Amino acid sequence: MNASLPALPPLVGLDDDANTSIAGRSLWVDARRRFLRNRAALVSLCVLVIIVTVCLLGATLSPYAYDDPDFAAMHNAPDTQTQHWFGTDNLGRDLFVRTLLGGRISLMVGALGALVAVLIGTLYGATAGFVGGKLDSVMMRFLEILASFPIMFLVILLMTLFGRDLWLIFIAIGAVSWLDMARIVRGQTLSLKRKEFVEAAHVAGVSTARIIVRHIVPNVLGLVAVYATLLVPSMILFESFLSYLGLGVQEPTTSWGALLEQGAKSIEVAMWELIFPAGFLVTTLFCFNFIGDGLRDALDPKDR
Amino acid sequence: MLRFILRRIFFEAVPTLLVLVTVTFFLIRLAPGGPFSSEMNVPPEVKAAIEAKYRMDQSLPMQYLGYLADLAQGDLGPSFKYKDFTVNELVNKAVPVSFKLGIAAFIIALIFGVCAGVAAALKQNTWIDYSVMGVAMIGVVLPNFVLAPMLALVFAVWLKILPAGGWEGGQFTFMVLPVAVLCKHYISVIARITRGSMIEVLGSQFIRTARAKGLPMHYILRRHALKPALLPVVSYLGPAFVGIITGSVVVETFFGIPGIGQLFINGALNRDYSMVLGLTILIGTLMITFNAIVDILYGFIDPRIRIK
Amino acid sequence: MRDFLKTSLVAIALALTLNAQAADVPPGTKLHAMQHIVIGNGAEPATIDPARVEGRPESNLTVELFEGLVTQDANGKVMGGVAEKWESKDGGKVWVFTLRKNAKWSDGSAVTASDFEYGFKRNVDPKTASYYSWYLGKASNVLNATAIVEGKKPPSELGIKAINDTTLQITLEHPVAYLVSTLIHGSLMPQPRKVIEKFGDKWTDPANIVGNGPFKLAERVVNERIVMVKNPHYWNNAKTVIEQVTFLPIVNQSAEYQRYRANAIDMTEDGGVPADLLSQIRKEIPDEIALWPQLGSYYYNYNFKLKIFEDVRVRKALSLAINRDVITKQILNTGEVSAYGMTPDIADGYKPIVNDWQKLSQSEREAQAKQLLLDAGYNAGHPLKFPLLYNTNEQHKKVALAIAAMWKRLGAVEVELVNQEWKTFLDSRNRGDFVLTRGAWVADYNEASTMIDVFHSKHGSNDGKYNNPKYDEIIDKAKITLDAGERTKLYQAAEQILAQDFPAIYLYHYSNRRLIKPWVKGYGRNPLGRIQARDLYIVAH
């Protein structure tokens, strides 16, 4: 049954090799040019920039502070007159300001999770898959240990040792985010390394590290981009799980995940508590998604 | 193949599990608060008596060796929290429940996810693609803790056609909502990955050649494109399967399902060391097994990947 | 004094004959055909072994499966259970209980005095590893109980003795007037010696367990449900109306609420009123919220091991600055009562005092608080800074945020909120690793001593390590005072010290709050929150 599977390799790999000195530059220049041609990706990038800017600076537009409860205005609906544009939460705090504040944390968490996954996950998976043999076994078993370890304890331990700090949450999220990515990249690498262009590079005496970085990684980047966009929401929601357990951000600071969780509880009496943070989260993720797709297309070596 | 399996078990699985058990055993004990601390501050003598009953009066290395000795006989010890049961009893009762729920969700996620992904890839950049991927994106974004109460509200409270929770031995009506919530995330992820890799495969030389030869699309898809496109999906399935049958904490706690997820989260919160260890071993074993299966599957999908 | 005790006992015995511990269905009530009830029970119980109960989820079950010497009626009044009557000798030091002859185990055998002797001894035996082993010694003051728990004496030395099958004698360390009130505890049950010795730790398995309560265990699925059915051998079985009780362990409040609305739950757990949906509940099902006062208090503990709160002016200022009515009426709004002291007004044997600062208006209190802080050397330029520790929980968070905002208004206080996951929190609190921490105490029995004792320097839950010899002295004296009026005065004197010393910031007294379907009848307003299925019945609907 396998006979029917033609194994025509993409031929571009060889070109890469021939021009290694300029390929590096042209790959990225090329990618940028193609990315800028992708309208959906470009619009998404602009929207994302706007969201980030609003999250960073928007709070100054509101007369309210993020941690000022108003016991006379609990669960109030959005109202331009009171300048509670997004309404108030269960303690009468302004949701506009809190949504933007939550955005800073969640964007950081999402971006960091994706970054760690892309960097560590990709290199780890590509190395394990390409080198193979004992190293592959050890690296994969290490992954399994990490994936099976009850992560909650890791977070609790980090906090006990280093005190409550936002960075610890980032570390915890980074620690879990790259595991699946590494496995997926390894799977692709196993398939790629038998392809002619890789074998050719090998024969040509290119070092292992160089093959991984120059040939394997560019060829898995498409998949990496897709999976990374899926990781962003997962990590943002993982943070809310940590918060729910008492291991996430400290009140009165907040995050989109924490706001969503609170909003879900009062959905029947105060819809806006869910809708505004959810709206921001969904928009952001769609942007990440289109940017991811754009990057995938731009970086795809086969399309060049 | 047999050699591969044997080697995987004896030279890899067993040492891996041993490392996992050791690391987990000591690290969870470093976390503040023990299994027997409670709001009511019990007198030290009482606490000592309780600890003695659970071997916690011994030194840590002795406890560890004792645990390993029991483990070698398949005994996971008594639960530190649920005093009427051993970990073996609790896990044995919970595993079939989580498996039943998880496998149902897994099959649904696989079928719908792959179909949606392929459809979106074939109709790339059309309204089909956009709507399928839009729904998938919402599936990833919409957290279980939002979806579960919403579904319960609509189907149990308003329409009154499905129960809002409970398991009742896994009757069909009791499974519908939890399975729906559980598979949502995985459908979305599988659809996204399938679409991405299918687009890549469809753009590759050998498919172009096949199309140039005038072969019908469904034939190309079935005979040539599907298998390589599924490679990254298969990579994802190993951890995903383990996650789906063990990690459904929100679904299990919300719908009151007596599975592994509830045991695990309560075990961690209660510092039920023996429970956490037992479940970690279970998850580790599953993880190793399914990753091994995935590695074998690679060989079927792409004969160039030979298992050694 | 002895005469007083006697007359009160006669009164109890009289009350017994009037009140039956069973469902009291008014004549003419049309009962529902299916007398099944489903009750939310919070966390999954750690055990159903009475000797090893840890808290409410467990004792809610043991009081259905077992019956102690005494029990409570629907409104929490203490009444005879297996004991028909009792009397004290030796000035309240020795108590003799006469058991009813028709009390039976669920296997049909008779419940005897030696079953109680065995059960109580098993509770204090260190080998049993009971959380509540301290209770018989510290709360009931039974002779040698504490020494046995500490391993200094064998369990056989416990001051309890079966004189014959129906006569049980309990000897105390010193006279205690309210002994009988303490015996309602969910751990103080007769225990079936034969079954326990035969099956060991497995005796609580549905196939093995034998109880003497109105219900017997039918099914147990961990993390799903516990089903009980009527126990035909229960001595008062004819009066039990409910045929089957199902307890559901549901921690997630919104899950419980959805199941309640889908009519899959008849009564939510104690506290099972989702705070964020209060306005909807009040609008749609106002008659289904049951709220009544609970014997429990919520407060913040100062850490007396630290310098920062040494100055009583600071402690007083922080307490005065809090507008308790905002917390109870606006933020929580489910029947909680603002607290100005430790003991709730409703506690048996207590008459509330009104302390001086309580009489001031809130603005006067705030003005005074500002002045006190200024006197203590704190101002906007040099603010009082400290962290406030609480365990992660929606309600604690709301209260903490509100209080932080109230203190902020003083202009000289900066508080940082620190929430920790439950076990981490317990660890920090037990090790004294906090500056100001949330604390709470819920009564084990209905008598002021259970509350006021918490700030005794030797009490295990005196987390702030407040130590005032004068206070200890008053409490110690109250414990052995037999005259109720005299005791009340001592309790008041103790509260008076708390009102001047500010060892903690008392915030509110808890309420019992549940959602109960309109067809469930027969429950009362037990200040300990206990609702027993044997008192309930379901009307036609």
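Predicted model: local features only at pLDDT ≥ 70, side-chain atom pairs only at ≥ 80, totals over all residues.
Guide: Residues are numbered from 1 along each chain as its sequence is written, and chains are lettered from A and ligands numbered from 1 in the order in which they are written.

Visitor: What makes residues of domain 1 and domain 2 of chain C count as being in contact?
Guide: Two residues are in contact if their C-beta atoms, placed from the backbone, lie within 7 Å; by that criterion 18 residues of domain 1 of chain C are in contact with 16 residues of domain 2 of chain C. On the domain 1 side there are 11 nonpolar, 7 polar and no charged residues, where Asp, Glu, Lys and Arg count as charged, Ala, Val, Leu, Ile, Met, Phe, Trp, Tyr, Cys and Pro as nonpolar, and the others, Gly among them, as polar.

Visitor: Which helix gives the largest share of the side of chain B that touches chain A?
Guide: Between these chains, 53 residues of chain B are in contact with 48 residues of chain A, and helix 9 of chain B gives the largest share of the chain B side, 10 residues. Helices here are DSSP runs (H or I, at least four residues) and strands are likewise runs (E, at least two), numbered from the N terminus.

Visitor: Why are strand 1 and strand 8 of chain C called edge strands?
Guide: Two strands pair if DSSP finds at least two bridges between them, and strand 1 (36–40) and strand 8 (215–221) of chain C each pair on one side only, so they are the edge strands. They belong to an open sheet of 4 strands in chain C, with the order 1-10-9-8 and mixed pairing.

Visitor: How do you know that strand 1 and strand 10 of chain C pair?
Guide: Strand 1 and strand 10 (residues 244–248) of chain C share 5 bridges in the parallel sense, and the definition asks for at least two, so they count as paired. Within this pairing, C:I39 stands opposite C:F247 in strand 10 of chain C.
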